[in-house]
Amino acid sequence: MQGVNTLWGSFEINNVRLAKIMLTQFAMGRLEEQLDKFDEWADRFEDLPLYFMTFHGHQNIKTVMDTMKHAVYMYDITHIIIDNLQFMMGQEQLTVDRLAVQDYIVGTFRKFATENSCHVTLVIHPRKEDEERELQTASIFGSAKASQEADNVLILQDRKLVTGPGKRYLQISKNRFDGDVGIFPLEFSKTSLTFSSPIKAKTAKLKKMKDDNGVPPKKAPTGGASKKQRSQSPNHTTPETSPNEPVKT
């Protein structure tokens with residue numbers, strides 16, 4: 001939706017099922033319940049710069065890399081999503097050591113991203129951890145190479161509760177170039193099949209900002225001083241438009 005040419009490599013879920021879920025997310029609702037709008041949303045979805053690999057199940061890393069290189073050359077792909085790493089490890093015969101195989105695959109993706117200026121998002125399942133403990137960067141399946149090579153590490157946390165629905169949030173545990181880390185609370189919508197920040201979390205954030213300031217900001221006066229006086233006032237500023245700021249058309 002941001003205009004980034006994206007290639008999906010979904011080895012666990014076939015493309016038909018994946019595209020159906022994506023179309024529901026894109027339309028923010030189930031189109032089977034509003035068939036009169038299906039053609040409109042399908043046409044808009046088709047216009048997205050979104051491409052899919054035709055693989056499903058275990059794949060050889062060399063075949064996948066050849067496909068990625070071809071896609072970058074032919075379609076100017078700048079973002080590739082690989083879901084997931086575990087489905088790429090079954091065909092490798094380099095060594096009986098699965099950790100060494102994983103390190104080789106991760107290193108191959110890192111080299112590809114660097115040489116082709118292409119962002120690669122790699123999905124990796126975590127190790128089995130105690131349900132009462134949160135996942136950490138060390139919880140990533142395999143050795144430490146995956147987290148060391150990655151520029152960013154995002155962890156989907158799922159805290160199961162006995163008394164009711166669990167709490168889910170997205171944790172930024174590594175941010176190489178910016179450094180900011182933290183968490184984003186998530187709430188699942190069955191209608192649109194999407195995760196978003198819960199409304200109450202946004203309300204709490206606004207309330208905290210108000211408390212920190214002590215009192216709500218005063219509204220600017222609508223009258224009184226003349227236009228000339230306001231332009232000569234030291235507090236008067238002329239808004240500037242950044243060249244990088246998006247312009248609404």
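Mentor: Contact here means heavy atoms within 4.5 Å. Keep in mind that this is a predicted model.

Trainee: OK. Which residues is Val64 in contact with, leaving aside its neighbours within four places in sequence?

Mentor: Val64 is in contact with Phe11, Met53, Phe55, Gln59, Ile82 and Met88.

Trainee: Where does Val64 lie, and is Val64 buried or exposed?

Mentor: Val64 lies in helix α3. Its relative accessible area is 0%, and buried means under 20%, so Val64 is buried.

Trainee: How far is Val64 from Met53, C-alpha to C-alpha?

Mentor: Their C-alpha atoms are separated by 8.7 Å, and the two residues are 11 apart along the chain.

Trainee: Now the core. How many residues has the largest nonpolar core, and which have the most contacts inside it?

Mentor: The largest nonpolar core has 29 residues, and Met53, Met68, Ile80, Ile82 and Phe109 have the most contacts inside it. Two or more residues each come from α3 (61-75), β3 (79-83), α4 (98-116) and β5 (152-159). There is also a second, separate core of 10 residues, which includes Trp8, Leu23, Phe26 and Ala27.

Trainee: What does Phe109 touch?

Mentor: Not counting residues up to four places away in sequence, Phe109 touches Ile61, Met65, Met68, Ile82, Met88, Val120 and Leu122.

Trainee: How do α3 and α4 cross?

Mentor: Their axes come within 12 Å and cross at roughly 15°. Angles under 35 degrees count as roughly parallel, and α3 and α4 are therefore roughly parallel to each other. The crossing is right-handed.

Trainee: Which residues make that contact?

Mentor: From α3 they are Ile61, Met65, Met68, Lys69 and Val72; from α4 they are Tyr104, Ile105, Thr108, Phe109, Phe112 and Asn116. By class, that is 8 nonpolar, 2 polar and 1 charged residues.

Trainee: Switching to the backbone. Where is there a cis peptide bond?

Mentor: A cis peptide bond joins Asp83 and Asn84, with omega about 10°. Asn84 lies in the loop between β3 and α4. Most residues other than glycine have a negative phi, and most peptide bonds are trans.

Trainee: What about phi at Ser117?

Mentor: Ser117 is not a glycine, yet its phi is positive, about 50°. Ser117 sits in the loop between α4 and β4 (119-123). Its relative accessible area is 63%, and exposed means over 50%, so Ser117 is exposed.

Trainee: And Leu193, what is its phi?

Mentor: Leu193 has a positive phi too, about 55°, although it is not a glycine. Leu193 is in the loop between β7 (182-189) and β8 (194-196).

Definitions and conventions: Residues numbered from 1 in each chain as written. Predicted model: local features only at pLDDT ≥ 70, side-chain atom pairs only at ≥ 80, totals over all residues. Heavy atoms only, no water. Core = buried A, V, L, I, M, F, W, Y, C linked by side-chain atoms within 4.5 Å. Buried < 20%, exposed > 50% of the residue type's maximum accessible area, 1.4 Å probe, protein only. Helix = DSSP H or I, 4+ residues; strand = E, 2+ residues; numbered from the N terminus. Axes fitted to C-alpha atoms, helices over the stretch in contact; angles between N-to-C directions. Parallel < 35°, antiparallel > 145°, perpendicular 65-115°, else oblique. Left-handed = near helix turned anticlockwise from the far one by under 90°. Nonpolar A, V, L, I, M, F, W, Y, C, P; charged D, E, K, R; others polar.
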